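Have your viewer ready and your selection tool at hand. We will walk from the inside of the fold to its surface and then visit some charged pairs.

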Amino acid sequence: DANGNRATEGLRVVEDYARFALNDRHLAALSKQLRHELTAALNEIPADARLAVRDTPGDVGTGITEATELQREDGWHVATASAARVQQALRCLEEYSKPLSVELATRFEALRYRMYALQRSLGITVSSANRLHGIKLYVLLSAQQTEDQFRDRLELLLQAGGELFQLRDKILDDRQLLSRARIMRKTIDAFSSDKNQRPLMIINDRPDIAVLSSADGVHVGQEELPVADTRAIVGPKQLIGVSTHSIYQARQAVLDGADYIGCGPTFPTVTKSFSHYPGLEFLTEVGAEVSLPAFAIGGINRQRLPEVLETGIERIAVSSALDQAENLVEETEQLLQQLDEAIDSADRA
């Protein structure tokens, strides 16, 4: 009875953090579902029987407290402490149910594992939002025809205020691609001496190239390596982005441990051809459900940007919009300015 109360109460605290602090309908719904399934499992032991043996005044544990229990730095600290309490309570429920019912103990075990996954998704959402805070423009770079052209283009984008870049090229062989990636690393490092403040560098599809070039992360599609296998290669610190084309894929990417998602294609684009365009409707679904950093991608330019921002998505990834620009620096600066103005206006409203 005590551990049942501890687990359901802790889940409510976690749910409220996802709901009110993160504004994340997806994770709030998962928390609520977990809480309801826990209640159903607890009801296998009749409520009147549990109430009959409840003795709060006589419980020696109510008087045992630690000073650290009252120390909480912020809402996330509150949520993590509650998540840990839920896991501990579920373990107690699992173990002490075994003499009563192996089936019930197995249900508590399954709920405990799901709580581990939920806590991970919450933690990655919070850490990724902090790491990508303020980054609104994601620039996709091809390798260009020569190393000098590639370096010059990246330098112009850095001067224009770019903060997140992806090397995406399907033509170069592995050695050439690694060389471009290392040039990218050196160019970004030379632009910013502060490692904690430098623009971020992502490699498309290739976790091996990302590791060898000391990139900040890797981006994978639905046909590339799964997030778990990618994480095994790149380690715990690198960002992993995932391309998503439906709300179901976006939800799954959150549960798989992605640090951010690309959402699209939004509009037809000259970079790739697709048989289906999820479009603005998909962006609206993601904006309403998911607080993990999400970048709209596919045919986005300054003219179409207002439509994108109306969906609730405030980050974009661009390629052809800059490739076709007469003045690369000016186009990049105007995109950033348009994003800033739109977001500031929304915040004031």
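Which residues does V286 touch, not counting residues up to four places away in sequence? Select V286 in this predicted model, and you will find I247, A250, I261, C263, A294 and I313 in contact with it.

Now widen the selection to the largest nonpolar core, which has 82 residues, with V286 and I316 making the most contacts inside it. Helix α5 (residues 102-131) gives the most to this core, eight residues in total. Apart from it lies another core, of eleven residues, including L132, I202, L239 and A317.

Next, head for the surface. Show V211, L225 and I233, which make a nonpolar patch of about 220 Å². L225 sits in the loop between β4 (217-220) and α9 (227-234), and it is partly exposed, at 37% relative accessible area.

On to the charges: the structure has 22 salt bridges. Select R112 and E94, whose closest N and O atoms are 2.8 Å apart. R112 belongs to helix α5 and E94 to helix α4 (residues 75-97), so the pair ties together parts 18 residues apart in sequence. Both are buried: R112 has a relative accessible area of 4%, and E94 is at 5%.

For a contrast, pick E95 and K98, a salt bridge at 3.1 Å, N to O. Here E95 is partly exposed at 30%, as is K98 at 42%.

Then try D148 and R151, bridged at 2.9 Å; they are three residues apart in helix α6 (residues 147-159), about one helical turn.

Terms used. Residues numbered from 1 in each chain as written. Predicted model: local features only at pLDDT ≥ 70, side-chain atom pairs only at ≥ 80, totals over all residues. Heavy atoms only, no water. Core = buried A, V, L, I, M, F, W, Y, C linked by side-chain atoms within 4.5 Å. Buried < 20%, exposed > 50% of the residue type's maximum accessible area, 1.4 Å probe, protein only. Helix = DSSP H or I, 4+ residues; strand = E, 2+ residues; numbered from the N terminus. Contact = heavy atoms within 4.5 Å. Patch = residues over 30% accessible without salt bridge, like charges linked within 9 Å, V, L, I, M, F, W, Y side chains within 5 Å. Areas by Shrake-Rupley, 256 points an atom, 1.4 Å probe, with all protein chains shown as cover. Salt bridge = Lys/Arg side-chain N within 4 Å of Asp/Glu carboxyl O.
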